[in-house]
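Let's take a walk through this structure together.

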Amino acid sequence: METPLGQILQNKGAHIHRVSSSATVREAVREMNQHGIGSLMVVDNGQTVGIFTERDVLTRVIDAGRDPEQTQVAAVMTGNPVCVHESTTISEAMSVMKARRFRHLPITSESGQLIGILSIGDLIAWLVEDREAEIEQLTSYIAGSY
């Protein structure tokens, strides 16, 4: 739980899927579906201006009766997303995600540059792998094959 997020990004890969704020919701959803992801960073002229998530689609587009073909991402994205530094630990990140009730967390370098995004699924997968490795080590120790 004390693993820094930067380490998880190194293993997962730090590719950031992006969309422009002027893209339509339909275009953004198509991009998310194509890559099997639940969020896109909204970037204009190299600057992060928001995050667009599945929840934004459900609450701000579908439930609000907006047309995905006509609605621009800018109108329904979450602006100024909460970001954490790459040195943030898994446990700190999970606390932030739980308190703020979101599932996607942008990660920045210590200098403030966006370097990746992690989902709650990424964090859970890391924890499961970590626990499995720990169990394997303990089993080897107990069996005397260390």
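Helices (H or I, at least four residues) and strands (E, at least two) are DSSP runs, numbered from the N terminus. This is a predicted model, in which local features need pLDDT of at least 70 and side-chain atom pairs count only at pLDDT 80 or more, while totals for chains, interfaces and linings use all residues. Residues are numbered from 1 along each chain as its sequence is written, and side-chain values use heavy atoms, with hydrogens and water left out.

Let's begin at Leu40, which sits in strand S2 (residues 39-44). Buried means under 20% relative accessible area, exposed over 50%, and partly exposed in between (1.4 Å probe, protein chains only). Leu40 counts as buried because its relative accessibility is 0%. Which residues does Leu40 contact, leaving aside its neighbours within four places in sequence? With contact taken as heavy atoms within 4.5 Å, they are His17, Arg18, Val19, Ala28, Glu31, Met32, Gly50, Ile51 and Phe52. Of these, Val19 is 21 residues from Leu40 in sequence, yet the two C-alpha atoms are 6.3 Å apart in space.

Now let's turn to a sheet. Two strands pair if DSSP finds at least two bridges between them. An open sheet of 3 strands has the order S5-S6-S7, with mixed pairing. Its edge strands, S5 (84-85) and S7 (114-119), each pair on one side only. S5 and S6 are parallel, with 2 bridges, and Val84 has Ile107 in S6 as its bridge partner. S6 (residues 104-108) and S7 run antiparallel and are joined by 5 bridges; here Leu105 stands opposite Leu118 in S7. S6 and S7 also form a hairpin with 5 residues between them, and Gly112 in the turn has a positive phi of about 95 degrees.

How many residues of S6 are buried? The count is 5 of the 5, so S6 is largely enclosed by the rest of the structure. His104, Pro106 and Thr108 point one way from the strand, Leu105 and Ile107 the other. Helix H5 (residues 90-100) lies across S6 and S7, running at about 135 degrees to S6. For that angle, axes are lines fitted to C-alpha atoms, for helices over the stretch in contact, and angles run from 0 to 180 degrees between N-to-C directions.
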